[in-house]
Structure formats: C-alpha cells, structure tokens
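Student: I would like to learn how to read a protein model. Could we go through one feature at a time?

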Amino acid sequence: MGSQQPPLTTVYLLGVLVTSCLGGFIREDSEIQIRLSNSSSRCQGRLEVRHLDRWLSVCSESWGHSRYHEEDATRLAKNLCPQLRCGRALELALSLFSSTQNKVLCHGSLGSFSNCTSQGASPCRTLILICLEPTTAAPLPTSPPPTTTPEPTAPPRLQLVEGPGGLSCAGVVEFYHGSLGGTISNGTQNLTQGLGDLICRHLRCGSFLRHLPEATLKATPDTRQEWMQWEIQNASCASLEQCFQKRQPWERGTAIGLICSDFQPKVQSRLVGGRGTCEGTVEVRQGGQWAALCDSFPAKNTARWEEVCQEQQCGGVNTYRQLDASEKTSLGLICPQKKLSQCHELHKKQFYCKRVFVTCQDLRPAGLGAGTVMSIILALLLLAVLLVVCGPLAYKKLVKKFRQKKQRQWIGPTGMNQNTLEGALHRSSAQPDNSSDSDYDLHGTQRL
C-alpha cells in the first residue's frame with residue numbers, strides 16, 4: 001500500500017496544475033459574496049463583489065482578460081449564475097461606459113474573487129451578467145386545476161437614463177418587458193420620427209426632437225451601467241410590444257439616446273442696452289453666466305426672436321438687426337437650432353461674434369420719464385416754500401377780513417342799519433302828539 005501512494009500524489013498534483021493552467025474555477029469561500037445590482041431583477045445587472053465591507057464593481061480586465069472571447073464569457077457566466085442562485089446563464093457583456101469609482105480588479109483563476117484589489121481612480125469597464133430567473137418547482141396537484149385565464153403581466157414601459165448636464169426628458173432609452181430590461185440598439189432599423197414621437201409620448205415628454213450624439217452618450221456620467229437587451233423590430237409600430245425584439249447575444253450596436261421637446265431646463269434669454277426691457281442686444285445664460293447670442297443663421301429667422309420677445313413678456317418682433325463684429329476677439333454663444341427652445345446646449349464662438357439687436361412691441365403702458373418726475377418734485381418743493389413764507393401773512397389777512405364782515409349787521413333788503421333806526425325813533429318821539437303826519441311817520445317807523 002505504501003508503494004502506491006507516490007503515484008497517486010503525483011497524479012493529484014498534475015490534476016491541480018492542469019486545472020490551473022486551463023483556467024478552471026476555484027470554489028469560493030463561503031464568506032465571499034457576489035451580487036448583481038442596478039436592475040429590477042436580482043439575476044441581471046452589474047457584477048459586484050463584497051470587498052473590505054463595501055460592494056465594488058468587477059472590472060472587465062480581471063483575471064488577465066482585456067477582451068472576453070465568447071468561450072471564456074460563456075464559462076464564466078455558467079459558473080456565476082448558480083452561485084447567485086439563478087437560472088441558466090444568458091449573456092456576459094461589458095458596460096457601455098468606463099467607471100472611475102467603486103471597482104476592483106481580481107486576479108488568479110477565471111471566476112476567483114479571493115484575490116481582488118481596489119482600482120482607485122483608474123477607469124475601467126465593468127462586467128454585466130444576465131441570468132434567467134430561477135424556476136420554482138410546484139407540487140404535483142392532487143386534482144386537475146380549474147380552467148382559468150392567465151393573469152395579465154405588467155405592461156411594457158420605457159424610462160430614460162439621466163442625460164448630459166442633468167437634463168430631464170433627455171438621455172439613453174431603456175425598455176422593460178417582463179423580467180428583462182435594458183437599453184435599445186438600432187439593429188437593422190434606425191430610429192425614425194414616428195417611433196421617436198411614440199417613445200416621447202410614453203415618457204410624457206412631448207415629441208421627438210433629435211438624436212443624442214454618440215459622443216455625448218460616452219461623456220454621460222457613469223451613474224448607472226447599461227446593457228443592450230433590445231433592438232428595433234418595427235420602426236412603424238403602433239404599440240411598444242410591436243416595436244422592439246430581444247437582441248441576439250454578442251451583437252454590436254449603439255444604444256439609442258434622444259432628446260424630447262419638453263426637456264428642462266430651457267435656455268434663458270434677456271435684452272440689454274436698450275431703452276427698456278423690450279429692446280436691446282440678445283444675451284443668453286449658460287453655466288450661471290450671461291453672454292451675447294451670436295446670429296448663426298444668415299437667412300431671416302423671425303421665430304427665434306419671437307421666442308425672445310415672449311420670454312421678456314413683450315409683444316411681437318418689430319425689428320431686428322445684426323451688429324458688426326468689428327473686434328476679432330468678440331466672444332459669444334451659438335445655438336445651432338432655429339429656436340432657442342430646441343437648444344439643450346450652447347457652443348462657444350471665439351471670434352467675430354455677430355450680435356443681434358431686437359426691438360419688441362412694448363405691451364406695458366409707458367411710465368413717467370425721469371425728467372417728468374423731477375419736474376413734479378421741484379413743483380412740490382416750490383409750493384411748500386411758498387406756503388411757509390406767505391402762509392402766515394395770508395392767514396392774518398383772511399382772519400381780519402372775516403371779523404370785519406361779521407361786525408356788519410344787515411337788517412332786511414333795504415340796507416338800513418340799527419343806528420339809522422334808533423335816530424328815526426328818537427326824532428319821532430320829540431314831535432307833538434296832535435300831528436297826524438308825525439303819528440303816521442311814527443307808526444310807519446315802528447312797523448318798519
């Protein structure tokens with residue numbers, strides 16, 4: 001028995017060596033934890049490993065692989081899905097964007113997480129794994145089940161990944177149907193105006209404006225990893241179920257990104273250098289700073305200036321003209337679209353910016369000018385001085401005149417005063433009693 005032990009040991013060591021050379025999988029320790037994140041399903045998403053009490057994404061360069069061939073990816077996916085207690089492996093792919101945070105690089109045999117190191121700020125693309133949901137074995141029924149209609153599944157839905165600059169209603173399109181969800185690639189058909197309008201309507205974002213450039217998609221912050229699951233099946237579809245189909249594994253494509261008409265925030269504008277808020281040179285705001293808007297359309301484009309006038313709460317456009325860009329270093333911003341409401345970003349113009357002077361209809365009533373206000377103030381001051389200087393003298397004269405008028409006592413319409421009446425009575429009393437004329441005069445005077 002002792003003579004047979006060395007050959008068995010040699011065979012065992014050779015087996016371990018062959019397994020390591022061929023990239024065989026090492027069964028992980030029970031303390032090592034892995035999961036799939038950034039998905040509504042626990043069996044699909046970004047591959048993460050528990051490292052130093054933190055969940056970190058696994059770089060695609062792990063285990064010495066800069067690129068994954070279909071055979072290696074299939075072997076790795078078949079090994080990871082059972083560890084996650086999921087069903088059959090469907091696909092192992094790379095993320096669309098490079099990540100610079102929360103990631104590790106694993107070494108050793110393919111699929112081993114026992115030797116992983118943090119990558120710091122070095123960018124890398126992470127691994128995306130898609131497995132089937134586990135099937136639950138139902139107990140055998142003791143009696144045949146009643147015939148019932150199947151329960152309706154959740155309707156398909158769309159959502160947008162946050163676009164550049166934090167714009168709403170702009171970004172990469174995701175489609176969710178059943179337990180699968182992900183981005184959409186063009187496939188054999190391109191995104192048309194009709195399909196774009198259908199997507200924007202379902203997102204409640206108005207109508208389709210234009211495609212999001214691929215360069216902008218790559219510059220989108222890696223706040224969420226995306227994987228392509230669908231492609232356009234029928235660009236002339238009437239419902240979401242007819243528009244997209246499952247994408248075949250390992251097919252290349254570009255994720256669809258778009259901008260809808262109701263994106264926010266919009267470009268702000270103002271008029272400066274004029275006689276009021278409805279006249280002046282057009283300026284726009286970007287990044288918290290105001291700059292001149294350069295006219296980038298040689299032909300007449302009244303619609304752009306109509307929007308500017310409406311934003312200033314003015315009427316229609318009366319006139320607009322270009323100002324000569326005499327200085328070579330005159331700076332400004334350009335909107336490549338015909339309307340400012342369609343510009344989600346503005347481009348800088350370093351030389352010969354042709355500014356535009358716009359005059360809008362002023363719907364507000366004209367206020368008092370500065371000269372008129374000053375005239376009113378001076379008139380009020382002069383009136384105050386006159387009241388202070390001449391007021392007391394005029395008051396005394398008025399009081400004196402009133403007192404003189406009060407002393408006059410008028411009796412009837414004849415204009416006779418009391419002194420005249422007393423004199424007449426005194427004369428009548430001095431005459432003889434036998435005079436009839438005197439009596440008549442006396443009686444007349446008394447009656448009077």
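Tutor: Let us start with a pair of charged side chains. This is a predicted model, and in it the side chains of Arg75 and Asp72 meet in a salt bridge, at 3.4 Å from N to O.

Student: Why are Arg75 and Asp72 separated by about one helical turn?

Tutor: The general idea is that an α-helix has 3.6 residues a turn, so residues three or four places apart point the same way. Here, Arg75 and Asp72 are about one turn apart because they lie 3 residues apart in helix H2. Asp72 counts as buried because its relative accessibility is 15%, under the 20% cut-off. Arg75, at 28%, counts as partly exposed.

Student: How many salt bridges does the structure hold?

Tutor: In general, side chains of opposite charge can pair when their charged atoms come close. This structure holds 5 salt bridges. One of them joins Arg275 and Glu279, with 3.3 Å from N to O. Arg275 is exposed, at 79% relative accessible area, whereas Glu279 is buried, at 12%. In another part of the chain, Arg35, Arg46 and Glu48 are joined into one network by salt bridges that share partners.

Student: Which elements hold Glu48 and Arg35?

Tutor: Glu48 and Arg35 form a salt bridge whose closest N and O atoms are 2.8 Å apart. The pair links distant parts of the chain, with Glu48 in strand S2 (residues 44-51) and Arg35 in strand S1 (residues 34-37), 13 residues apart. Glu48 is buried at 5% relative accessibility, and Arg35 is partly exposed at 32%.

Student: Now the backbone. Which residues have a positive phi?

Tutor: Most residues other than glycine have a negative phi, and most peptide bonds are trans. Among the residues to look at here are Trp63, with phi near 60°, and Tyr352, with a positive phi of about 50°. Trp63 sits in the loop between strand S3 (54-58) and helix H2 (70-83), and it is buried, at 7% relative accessible area. Tyr352 sits in the loop between strand S20 (347-349) and S21, and it is partly exposed, at 42%.

Student: Is the peptide bond from Gln264 to Pro265 cis or trans?

Tutor: That bond is cis, with omega near 0°. Pro265 belongs to the loop between strand S14 (257-264) and strand S15 (268-273).

Student: What does a buried residue have around it? Take Val356, in strand S21.

Tutor: Val356 counts as buried because its relative accessibility is 0%. Beyond its neighbours within four places in sequence, its contacts are Gly280, Thr281, Val282, Leu293, Asp295, Trp305, Tyr320 and Arg321. Asp295 is 61 residues away from Val356 along the chain, yet their C-alpha atoms are separated by 6.5 Å.

Student: How far does helix H7 reach from its first C-alpha to its last?

Tutor: A helix can be checked against an expected 1.5 Å a residue. H7 (residues 370-407) has 38 residues and reaches 53 Å, close to the expected 56 Å. A kink of about 50° lies at Cys390, shortly before the proline Pro392. H7 is hardly covered, with a count of 0 buried residues.

Student: And the whole chain?

Tutor: The protein chain has 9 helices and 21 strands. Of its 448 residues, 34% are buried. Among contacts between residues at least 6 apart in sequence, 67% join residues at least 24 apart.

Definitions and conventions
Residues numbered from 1 in each chain as written. Predicted model: local features only at pLDDT ≥ 70, side-chain atom pairs only at ≥ 80, totals over all residues. Heavy atoms only, no water. Helix = DSSP H or I, 4+ residues; strand = E, 2+ residues; numbered from the N terminus. Buried < 20%, exposed > 50% of the residue type's maximum accessible area, 1.4 Å probe, protein only. Contact = heavy atoms within 4.5 Å. Expected span 1.5 Å × (residues − 1). Bend = angle between axes of the 7 residues up to and from the residue. Salt bridge = Lys/Arg side-chain N within 4 Å of Asp/Glu carboxyl O.
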